Amino acid sequence: MFWMGVAVPSIAPARSLTTRLGSCLAVALLLAGCGGGGSGGSAAPPAPTFTDAVLYSSAATASLPGAAEISAVTHHQLTLNGATLHYTATAGHLTARGLTSNAPEATFFYVAYTLDGANAATRPVTFFYNGGPGSSSVWLHLGSYGPKRLVTGDPATTAPTPFPLVDNAESLIDVSDLVFVDAVGTGLSEAIAPNVNLNFWGVDADAAVFRDFVIRYVAANNRMTSPKFLFGESYGTTRSAVLADLLESAGVELAGVILQSSVLDYNVACGVIAPIVSCAGYLPSYGAVGAWYNLDNPNPATAALPVFIAQMRTLAGNQYDPAVTAFLTTGAAPAAGLLSQLANTTGMPVAGWQTHFNLDPGFYHANLIPGTLIGLYDARVSAPIGSPLAIEGDPSSTFLNASFASAITTYLNADLQYTNPSSYVLVSNAIQAWTFTHDGRPLPDTIPDLAAALAQNPQLKVLSVNGYHDLVTPFFQTERDLARLGPLANVQLRFYLGGHMTYLDDGSRALAKADLAQFYHGATAAP
Amino acid sequence: MAADAVSISDGASARRCSRRGLALAGAVLAVVVLGAAAPAPAATPRSPPATIETTIRDPWVPPELRTPPRSPAPQGADLRAQVERKLKAGFDRADVDRSGTVTRDQARAAGLGYLVKHFDDIDRQRAGAVSFDDVKRFLRGRGAQLD
């Protein structure tokens, strides 16, 4: 990385003494040309560090009196498949304004990676965000297809921590410009008065303000004709479905939507609303996890997993789901033969199926292996119950948190030359104050939103990315949700070894990168 | 890359961290004030550590919302009907005078960019205003699954 230039900040409207003084600091640093850090080597010019002095808050009642659209701009290079790619990183804020009111709503923190020398008119641009709701985009930003990634060693928990940040050989920067954006009240994004963060903590308001950010990014960077993609994960897929409809309605045509580990209909998600609805959507995932721990009987080899999973889909749809429905409605006891079949194909003993016939992931991950807690995000990760990795309830999540938290701050400061007096909020409390109501239901069903987006833009392509070992958003449930759209040639599904964040698995990330490149090619080809 | 920040996993620690962050900002300011008199040593300013305010992760909903759905998930004709209702709701928001038709200006004022963009293709009669049936006909012509 070498420094080429930095945006000159204009002074944001002051909200406190700290802010006003901090703005002076930013200017002083630029004028003095002090700074440094990064990895430019001794021959590189001094690297002035850009300081945005605004203090951002993730509190529900927080808002800024106004916001400046300022950013730090740095230039980098990456070797991908033997070719050296030069790209520009832009870290900063843009203001989302009301679609019809044009009033400022929120200032969004984003990091954009754009390929130098490309034709912006035809080059794809992809907007990435995680879920929660209330999560920043840090997991996708530093774990998936950005130009840098953290080496997690997933699914082992033996990798050195904090994880090193390395050039990403599977970055999508050769295919698309990449914009990682933080939801309001996460990262360094905040509402602008008279709004407060809480105003954007709901299914509809969140999607609407994301629409307004996309519109602002497109206008500010002259990307009107660029093929546009959304890449959301988890609740980010809920957001993407609603957002796709809102963008299409606003006249911003999308080329593609990538759904990473989906939760498209909360009303049928037994892992979310409890086993009061059928957990049949989980059964094939239990089969894959049982196989990982060599607990299935017979235990399928990894190479045979797709065939085994196909059998599990049939078992789940034809036998287990009807039996669960009967159990939930009439209390009808399941047949003994079905119980032993379930035990053989999932690793959960018959006794577990007898007490928890509508088997929820909470029971499965805590009881599959006595004394061991297996992960929910990635069930291949495990830790002894009571151990530090298990103490927060999910070793696959706990193992990542500290490294991602330390890496984002260091990366913004040293590599992207962006500093700020606020703490970057990886995960905020927004989830506990979220308004889940959507389209007449107390919990969101976003398949109609995706269908509405497809109705307005029948050229829109959808790619659903799924992990066999994800016990948070099980792939078979996603298949069932998407099947409601009917047979559509422009909806594709892909399955990989791995959990919720399939991209953390080195093999799956490489496979998915190839699939994504093909998807982008298809979605941007002339009709 | 060296780790120079710590993660926070509970609310109390997050609050401690925020205070540390403010203290850090103050400390850096002091350096700059000094720097006005003599050039400050080359050092990268540091942001305070990142925070994690909750260990609740997606997807999650509050206990009071954990109830079975009151109606089945729509598919087929029911789904198409819901899609049509959604599109019609957008159209009706633009139809501020309840005339049953929407002009290009009304569409623009309501933020219905797709209608503005395709207005001439939808308004085949050159009437200057389009009905919802006109919109549906246009969308079906492009391949939309609408009844």
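Reader: In this predicted model, what makes Ser234(A) buried?

Author: Ser234(A) has 28 other C-beta atoms within 10 Å. The cut-off for buried is 20 or more. Therefore Ser234(A) counts as buried. Ser234(A) is found in strand 10 of chain A, residues 228–234.

Reader: Why are helix 4 and helix 12 of chain A called roughly parallel?

Author: Helix 4 (residues 235–249) and helix 12 (residues 447–456) of chain A pack at about 30 degrees, with axes 7 Å apart. Angles under 35 degrees count as roughly parallel, so helix 4 of chain A is roughly parallel to helix 12 of chain A. The crossing of these two helices is left-handed.

Reader: Which residue classes make up the contact of helix 4 with helix 12 of chain A?

Author: The contact has 6 nonpolar, 2 polar and 3 charged residues. Helix 4 of chain A contributes residues including Ala241(A) and Glu248(A). Helix 12 of chain A contributes residues including Leu450(A) and Gln456(A).

Reader: Where is the cis peptide bond with omega near 10 degrees?

Author: That bond runs from Asp154(A) to Pro155(A). Pro155(A) sits in the loop between strand 6 (148–150) and strand 7 (165–167) of chain A.

Definitions and conventions
Residues are numbered from 1 along each chain as its sequence is written. Chains are lettered from A and ligands numbered from 1 in the order in which they are written. This is a predicted model: local features need pLDDT of at least 70, side-chain atom pairs count only at pLDDT 80 or more; totals for chains, interfaces and linings use all residues. Axes are lines fitted to C-alpha atoms, for helices over the stretch in contact, and angles run from 0 to 180 degrees between N-to-C directions. Helices (H or I, at least four residues) and strands (E, at least two) are DSSP runs, numbered from the N terminus. Angles under 35 degrees count as roughly parallel, over 145 as roughly antiparallel, 65 to 115 as roughly perpendicular and the rest as oblique. A crossing is left-handed if the near helix is turned anticlockwise from the far one by less than a right angle, and right-handed if clockwise. Two residues are in contact if their C-beta atoms, placed from the backbone, lie within 7 Å. Ala, Val, Leu, Ile, Met, Phe, Trp, Tyr, Cys and Pro count as nonpolar, Asp, Glu, Lys and Arg as charged, and the others, Gly among them, as polar. A residue is buried if 20 or more other C-beta atoms lie within 10 Å of its own, exposed if 12 or fewer, and partly exposed in between; C-beta atoms are placed from the backbone.
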